[in-house]
Amino acid sequence: MRKFLLSLSIWILVSALAMGAGFQLFEAGSKATGFAGAFTAQASDPSSIFYNPAGIAFLDGYQFYLGATFITPKSSFEGENPYPGVGVKEEQEPMLFYPPGIYFVMPIGEKLRVGLGIFSPFGLATKWKNKDTFTGRFVSQYADLKHIAINPAVAYRVTDNLAVGVTFDYRISSVALERNVPLFDPFTFTVKDIAHLKLSSKFKNSGFGFSVGALWKVKENYNIGLSYRHKVEIDYDGEAEFTQISTGNPVLDQLVKLSIPFGKTPGKATIVYPGMASLGFSTTALKNWTFEVDLNWTQWSTYNKLPIEFTEHPELNPSEESMKKYYEDVFSVRAGAERKFSEKFALRFGYVFDKSPSLPESVSPMLPDANRHGATIGFSYDFGKFYIDVANMFLFFEKRSTEGKNTEGYNGTYKTFANLFGIHIGYKF
Amino acid sequence: MKRIFSIFLILIFSTFLFSAKDYKAEIKKYVALGDSISAGYQDGGLVIDYQNESFPKLISLQLGISDFQQPLISQPGIPPILVIKSLYPSIVIVPKPGMGVPLNLTLPRPYDNLAVPGANTYNLLSTVTDGGGMHDLILRGLGTQLQQCISLKPDLITLWIGNNDVLKAVLAGRVIDGVTLTPFSSFQSYYTQIITALKGNTSAKIVIANIPDVTSIPYVTALPIYLVDPLTRKPIIVGGNLVYLIGPKGQLSPGDYITLPASNYLAQGIGIPKSAGGTGIPLPDEVVLDKDEVSAIKARTQQFNDFLKSISTTNNIPILDVNSLLQKATKEGIVIGGVKFTTAFLTGGIFSLDGVHPSSLGHAILTNEFIKLINQTYDYEIPLLNLYDFLHKERKKTQSESFTLDFSELQKVILGESAKDLRIKDTK
């Protein structure tokens, strides 16, 4: 069993990916997802290492919790004038991602708990169909951000009703970005594709931060939770690979060959992942029911640029202006409820409104973000030592127009829907 | 009842507040006044293919106006347009053989695009004939640009004039106040008279545009003033210094410019120091703009633009800041669909082969800038022009036989870093 769990974890880790559109992921555990992520005040299973590390202080015994969320997004784009123009329709490739959640918690004495959590608080993948003719191919054809957080956690019960927790937040990540490189061809006075550029880094670049949380059981049936996760900067050390695309004109092709370092050359990128804070309130005052409402803040303003540097070819570095990202800090609201039907079986449902941090300037094929409304249903079943949490979130994205403001001059309206199916298994002993 | 009435009022009021006005009903007649840029002059000539992509024509299409008449000229244009003969072994850009003929000369009314290549502010106000030149071709003895415009009773006028009040100094390579450069007081007086006449005699909505700084056009910036190694694409350094070309006042230095026609002289070794293998003969004055000339032209342009800004404010006439647009294109580029367009010669995309006039894409960009300004000022929702075809549809065919594969020359010229062997027709 242990061997199986281990290989499963490795499998999940390696393929951990997530959906596009505002690349934060809040699906660290399926019980929490059943509440639409409103879990800061309950923090009642090992996934609290993500939601509120103070929560593990109230957990008993040794506990494993592991699973994944299977995300299937569907995105399309309709062009507006001036570019790419009315009538242009584009679609993303259907994709499946499964950010993992793997947790272990154990007691040390009466009041102290330690644990380890492995989860994916961020992730992104956008891949456009027909990449060679995709009208946004000079902006982004493919973007893939893998991101795993490894968090050793410690929590302490200060009193019977109050606990505090802290984690060391270690992140490992990789990034891959692909697009075509254009040239204005003086022979024909048209734009030609002259190269394909693939920027990628191995899954080894890292950064670290921390998180802290507090959980206060105000009265028997009322909890208040508060948590904060610090921003994390990751410097990506990778390579850029330029592959020449023939323009059909041998003279131009030869000129291009002289101007671009075809093959591989070192490349660097930096992303500052935002901090986040949550305040939650939960109650079990009504018999057989649990309710929770959370307010989350995400410090998206840290993602104000995506600097890319070609260390050996500084002449290819993008301009400051083109690396700017227009992102703002945002709040989201989450609310969820659970109805227990027996000691073993419970149903959950919830709703989240997640405001888009992206201004229209940065709504692009790489990250076509929008306000999101998520509706969830979920259940759990307790087999004794084992228990299972299952949740499904229907995530509706509002139609998002770039309002003619996209910094890459690629304007239109994006439509996205995503389904998120989560399953986690718990084991206590 | 009172309440119902006030709700009614609010409804009416909000209709006014929130719905854009119907541009199709309000703009049935559009007239363009101006110079070669408004005329759609491109690649050194006036020709039907480019006239049909002039920004006034494109604006008329976006307005849904079907009967927008222009003084169309058949291929190869008047004067015949330039074509790239080859980009290797040397860059040769030459006029097409032959001469175009007017196609719309018998139109029994004034053209809607009245812009005359070469016209300055004085011409727009006062010139009827120029002895068989562009004015006669377009005005056809029916009165000045201004008079003909008024007689058309337009609903919308674009007025973009003043470029030639400074550009003549650039084309001549000489600043002679009152000859190549219009004195400020004259410009002010002509322009005020034009605006007064248009406001007094038409009920048209007017949009004006300002004058680009000459150092943002490739005609002035394409050629460097020092020698460049064709192989490394880097300036040639001798004794730690750049090898500057020679102008009429001696060695050129930073701040001086040479214009595109200088390439004809450089190809013969003129302007290149003897020590660097040239003839040591200085470049003639008409292809050199020295610092003093540049700063005089810049200062005059600034003066004109300040005046245009103030006349726009006092008369409530929107002004398109083409000058800032081109500065932006020069410094950061204009990004469309992830493609960066600049004011670079040949590879920048915005300027045509003559280095002075916009390409079709340049006209398309101008069209959208005018439309945005008109929409914003007059509360219309005129649709923006789709630029897709302007990026992707082939507009030129290089008239070349076969190319040999040796590219150092092409490379350096495309990168705008050397002038040797670049022969271009003087676009005066």
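Predicted model: local features only at pLDDT ≥ 70, side-chain atom pairs only at ≥ 80, totals over all residues.
Figure 1. The bond joining A:N81 to A:P82 is a cis peptide, with omega about 5°. A:P84 is also placed in the loop between β1 and β2. The peptide bond that runs from A:Y83 to A:P84 is cis, and its omega is near 5°. Most peptide bonds are trans.

**Figure 2. The interface of chain A and chain B.** Contacts link 30 residues of chain A with 38 residues of chain B. About 3,000 Å² is buried between the two chains, and carbon and sulfur atoms give 68% of this area. On the chain A side, A:Y83, A:F187 and A:F189 lose the most area to chain B, and together they make up 24% of what that side buries. Seven residue pairs are in polar contact across the interface, with both residues at pLDDT 80 or more, while zero salt bridges are found there.

**Figure 3. Elements of chain A that touch chain B.** β7 (162-185), β8 (190-200) and α4 (250-259) of chain A are the elements that each give two or more residues to the side touching chain B. The largest share, six residues, comes from α4(A). Sorted by class, this side of chain A has 17 nonpolar, nine polar and four charged residues.

**Figure 4. A:T188 in the loop between β7 and β8 of chain A.** A:T188 is located in the loop between β7 and β8. A:T188 counts as buried because its relative accessibility is 10%, below the 20% limit. The side chain of A:T188 is in polar contact with the side chain of A:D185 at 3.0 Å. A further polar contact, at 3.5 Å, pairs the side chain of A:T188 with that of A:K192.

Figure 5. Most residues other than glycine have a negative phi. A:E403, which is not a glycine, has a positive phi of about 55°. A:E403 belongs to the loop between β20 (400-401) and β21 (412-428) of chain A, and with 48% relative accessibility A:E403 counts as partly exposed. B:D43, not a glycine either, has a positive phi of about 50°. B:D43 lies in the loop between α3 (36-39) and α4 (48-51) of chain B, and B:D43 is buried, at 0% relative accessible area.

**Figure 6. Confidence along chain A.** The mean pLDDT of chain A is 92, with 95% of its residues at 70 or more. Over residues 1-21 of chain A, pLDDT stays under 50. For residues 1-21 the model has 45 contacts beyond four places in sequence.

Technical notes: Residues numbered from 1 in each chain as written. Chains lettered and ligands numbered in written order. Heavy atoms only, no water. pLDDT = per-residue confidence, 0-100. Contact = heavy atoms within 4.5 Å. Buried area = accessible area lost by both parts, 1.4 Å probe. Salt bridge = Lys/Arg side-chain N within 4 Å of Asp/Glu carboxyl O. Polar contact = N/O pair within 3.5 Å; in protein donor to acceptor, adjacent residues only side chain to side chain. Helix = DSSP H or I, 4+ residues; strand = E, 2+ residues; numbered from the N terminus. Nonpolar A, V, L, I, M, F, W, Y, C, P; charged D, E, K, R; others polar. Buried < 20%, exposed > 50% of the residue type's maximum accessible area, 1.4 Å probe, protein only.
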